Amino acid sequence: MKVLFLFIDGVGLRAPAPDNPVRPEVCPVLCSLIEKHSVSIDACLAVDGLPQSATGQATMFTGVNASQYMGRHCEGFPGPSLRKLIEEDNIMMELTRKGLRCRFADAYMIDRVDDLRVRRFKSVTTVMALTQPDVISTQDDLMENQAVTHDITRATFKEKGHDVKVITPREAAEHLVQVARAYDFTLFEFFQSDLSGHSRNYDQACETLRTLDAFLDGVVRLCEASGILMILTSDHGNIEDLSTRGHTRNPVPFIALGPQAGQVMNAVSSLIDITPRLTRLLVPGYVPVQRVVKPIG
Ligand SMILES: [Zn+2]
């Protein structure tokens, strides 16, 4: 069993509306996956206020309700308490301990892992990846097409002056699934969806969703051909409602396609369930230890 986990930031579920760009005319593949292969899950985590990235993602990758632990939803980059929670245990640590091979397929434009450790601001996925440095992809991996940039096509990296060739979403899909074939658990993170949601710019949101959709089209076909279980989910809503600059309290999709997709979907109703469910799936017979963490607030 191999799993490719697509974490797409800031995509919630909402009925069709003029200010909701998540529609079949814009992103037919994503909409079809949502319609036929997903369940809607909770991202609000029983905490008031708008769900945020740091706590949502920490919950997604640890199985602990990080918003309750912090006493609030935390934005952006995790602070010391949240980093500690992620560093103590996370899905990649757990799977690695069980002898499985994990990979974070987003390329960091670094030569050595130490260049990443010294960064001042680290995302949840970076904090998690640093607990298992072997999972990290660098620019060398990207040059060998063994990694993908977080924007899919490398275009924003070229704009920033990196010596990279812009590729098509389809090529990026081939590269990603090639990685996913070589590992038990592969993670890809895309956050332009969240940035486009914050921009409230309908055309920009559509462009982002079209790139993502062309990529998903390739990923879905290649995963199906390779017998890989593809998971796609998000940490909170945003892009589906351009009437507001902030996140939304809408549920998010949890898409599963491929071997055992039905069983996985049936056991996930919120961000909290994802890590324990995937761990049990990848390590048959393994009962994840229920982490008991007291709220720090
Ligand atoms: Zn955001």
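Which exposed residues are carried by the face of H1 turned away from its buried side? That face of H1 carries Glu35 and Lys36, where a residue counts as exposed if 12 or fewer other C-beta atoms, placed from the backbone, lie within 10 Å of its own, as buried if 20 or more do, and as partly exposed in between.

## Basis of the description

This is a predicted model, in which local features need pLDDT of at least 70 and side-chain atom pairs count only at pLDDT 80 or more, while totals for chains, interfaces and linings use all residues. Residues are numbered from 1 along each chain as its sequence is written.

In helix H1 (residues 28–37), the buried residues include Leu30, Leu33 and Ile34. Seen down the axis of H1, its buried residues fall within an arc of 95 degrees, so they line one face of the helix; the arc is that of the directions from the helix axis to the C-beta atoms. Helices (H or I, at least four residues) and strands (E, at least two) are DSSP runs, numbered from the N terminus. The buried residues of H1 pack against strand S2 (38–41), H12, strand S6 (229–233) and strand S7 (252–257).

In helix H4 (residues 80–88), the buried residues are Leu82, Leu85 and Ile86. They cover an arc of only 95 degrees around the axis, which puts them on the same side of H4. Among the elements covering the buried residues of H4 are H2, helix H3 (66–70) and H7.

## The pairing of H2 and H7

The axes of helix H2 (residues 53–62) and helix H7 (residues 124–131) come within 9 Å and cross at roughly 35 degrees, the axes being lines fitted to C-alpha atoms over the stretch in contact, with angles from 0 to 180 degrees between N-to-C directions. Ala54, Gln57, Ala58 and Phe61 of H2 make this contact with Val124, Thr125 and Met128 of H7, two residues being in contact if their C-beta atoms, placed from the backbone, lie within 7 Å.

## The largest nonpolar core

The largest nonpolar core has 84 residues, of which Leu176, Val219 and Met230 touch the most other members; such a core is a set of buried Ala, Val, Leu, Ile, Met, Phe, Trp, Tyr and Cys residues joined through C-beta atoms within 7 Å. Helix H12 (residues 202–226) gives the most to this core, with 9 residues. Leaving aside its neighbours within four places in sequence, Leu176 is in contact with Ala105, Val148, Phe188 and Val219.
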